[in-house]
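Student: Could you take me slowly through one part of this structure? I would like to know how its pieces are put together.

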Amino acid sequence: MPRAALRLRRLACIAAWAALGTGPVAAQADARAALADQAIHWQSIGRLELAEASWRKLLSADPQSADALYGLAQVALARGEVEPARAWLARLRAAHPSDARAIQLEARLGRPGGQAADLQVAREAARAGRTSEALQAYRALFGERAPPEALALEYYQLLAGTPEGWEPSRRDLEQLVRNRPERQDFRLALAQLQTYRETTRREGIRTLAELARQQPAGTPAREAWRQALLWLDARAADAPLYRDYLALQADPAVAQRLAQLGEAPPQAPRPAPPNPVQQGYAALDRGDLATAERRFDEALRMRPADTDALGGLGLVRLRQQRFAQAEDLLGRASRNGARRWASALRSASYWNLLGQATAARERSDFAGARELLERAVRIDPAEPAAREAMADLQRTRDAQARAQARQQRDAGDLAGARLTLEAALVEAPGDAWLRHDLALLYRRLGLAAQARELTQAWPPAQRDTPEALYVQALLAADEGDAQASALYLERIPPASRTADMDALQDRLRAMALVPRSDVVPSRAEAPQAEAASAPRIAAGPVYRHRRGEAGLGRLTDVQTPVEARIPYGEGRITLGVTPTVLQAGTLSPDPGSAARFGNGAPAAALQAAGAVAPPGAQTERGVGMRVGYEGPNFSASLGTTPIGFTRTNVIGELGYRAQFTDTLALKAELSRRPVTDSLLSFAGTRDPRTGAEWGGVVATGGRLDLARDAGTHGFYGYGAAHALTGRNVASNTRHELGGGVYVPVLRGEDASLTVGMNLGFISYDKNLSHFTFGEGGYFSPQRYASLTFPLDWRGRDGRLSWRLSASIGRQSFREDPSPGAAANGFAGLPAIPSRRSGFAYDVAAVLEYQLGPQLYLGGALGFNNARDYRQVTGNAYLRYVFGGGEASGLREMTERPFGSPYTPLFLP
């Protein structure tokens, strides 16, 4: 199909489709039109810096100018700058949602295939007459370098058609001919180019005369030679050029031009009588459609089945945009065996279907319009007009489905709204707002698992668009996962952010949940994450085993915590009970072991003399209590160690979190917590040989953490001081100081990975690590230092959430002699300081799986050899969420996994 007709029809169809959705568009002011024309001119000759300046001037005059936004996106693409192009595209879509050029840009940005796809874009633009766009696409392929030989001809022929492109095209083609004189196609292209200008036309004619006698260039060379002779502003001296042509073949038009020079043409056969078909094609070449139509009609009256006349009249109808008649005539020509009409027939059928689809849409027959457009795409998959029309039609249908679902929901017909949205999403899986509305409806119906799966099943091409990221941020915020919401928003380029996104950013920052200033958006209706959570209850066993000597340092700890969390204001009230059983084993009866427990050597002597029985198995049972509150910035709790232990203590904590700036955060804490290193330190014990009771140690003090998150990395530091006291246990003090750096290796919507380095120091006033009366049975070195390299990986896949925290490094500590050795009359304890160093590891993992809309199964496992012991910890639990069926957020599950209130798996 001729390019002019394609371009004309393309513009007409796009205008018709746009008119259905946007209505009349006001004409631009002359000054703005001049700026646009100037920018297009600079783009067409490759002066991208000047084109960009003109587009920016237009954008300053009209910040919503679709032409300027589209032009700047093209400039960015021509430079290979994909992200800026995406940003300009997002602004174009936001300002002009129905602009068909946005769909073209999206196709270019998202099309797979690398350079092959870019070449297809260039050729499609050239076929459609979009010369400036085609030239930019070609330049994007080879940058500032000369085009490769395989693309040279099509590029220079396209460039030569621009106002200032002829001269550089001629110069570069001449260089190609000098480099490859054997290439007839290069010589032919240069000669054709030379005939376009009067100053070089004679040189081109002489080259064409030479090529006309060679193969395979002969036929196209003769055609170009004839046309150049007709164009030539001939003088008498040019007569040999015409005689050379007529000596090769007769031609009335060339002979007439020679006669006009005052010379009789050479002898030639008498011309045949006028042929109406030939006259019709000549008129068609001149653009005289009325004459061409009369001549083809005349030929068809004489010979109704003449394929050339049928095809010619079909081309006339095609240029007249009478596509139905063009399709009929070209179809008849093709059925008569003329296969050369196949391409024109496809074009006629294509545009005829687009016209029918436009009419069907005007009748609100969307299904019929879609079917017609699908047929058009099958006819010519490379032509974008039908795809653009389908996308615009789908957006209209999606908007209607959302409106219908809202009406059904407001009327209480949730099932009907669900069916409407599900059917619409099947047709348009990439529509972000359909997915948003359906996910919210699933949650309202208590289908949390389906909602979560829906938010994770994005088509790859749409998953990372600004609109899709914003919708995912909204859904994450609605689910109560503020951290994930912030991560989605962080991935939206600043130039693509809208006022709604900024409003969400402000809301998250006000909640002090966003660590960075450029972490963006969510709608104003996004509820506060903590307050939106439904009441929940969780329960399950926790197992802990620490290696050591039976009756002394060994410990088996089995707890069964039960916890309820009830929304209150902006936070939650927490209630918990924790049945606990501790076992340390039975102390060996030998004198050495007996002297290291309780009243030491004197009690051991009584035992050896048979005056008293050995201590027996060390076992403690009790039930702990706890009540607390957790808010966005403030937390508090009050409780007890298990009631029933030899020693029960009141424990609790006060915590405060503050966000000083967008990157600087502080956490302060006052606490009184049990020291759970051993049965003695946790529960207290009794020496049955003497009746002495001691132990039950608690650490009372405060801790301060300061952190700065710069996005690509972060720093933190902490300090703590505590007093350690227990019943009949010497008082002690503990000081801690540490800090580190971390780097987020991965920050995605479903997973994150952070690595870092940590340096920590601990110091105790006294070494009270032994088990005689007055000591605490807890690790208390006078100097402790560790250098570790932690890794933290957390994520979610469908119904499964996880966190893995691991660190490896080096630790070293020094312990002074025990102050209780002399007091208990035992000389076997070390009398000089002892030093130890070695490899340190700590691994902890937690998994949680959603069994149903409101029920979750989780478990955790940990191993470590930190300090002076080796320990394994594990637990399993069930969590039930009441009411709304909200899914437990990734942030809550991984940062605050369910477990023991006394021995948390993940330390702060």
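Tutor: Two strands count as paired if DSSP finds at least two bridges between them. With that cut-off in hand, look at strand β21 of this predicted model, which covers residues 871-881.

Start with strand β20, residues 855-864, which is paired with β21. The two run in the antiparallel sense, and 10 bridges join them. To find one of these contacts on the model, pick G862 and look across to β21, where its bridge partner is T873.

Now turn to strand β1, made of residues 536-539. β1 also pairs with β21 in the antiparallel sense, this time over four bridges.

Strand β2 comes next, at residues 542-546. β2 and β21 are again antiparallel, with five bridges between them. In this pairing, V542 has N875 of β21 standing opposite.

β21 pairs with β1, with β2 and with β20. To trace this on the model, follow β21 by residue number. At T873 the bridge partner to look for is G862. At N875, V542 is the residue opposite.

What is the sense of the pairing between β20 and β21, and over how many bridges does it run? The sense is antiparallel, and the count is 10 bridges.

Notes. Residues numbered from 1 in each chain as written. Predicted model: local features only at pLDDT ≥ 70, side-chain atom pairs only at ≥ 80, totals over all residues. Heavy atoms only, no water.
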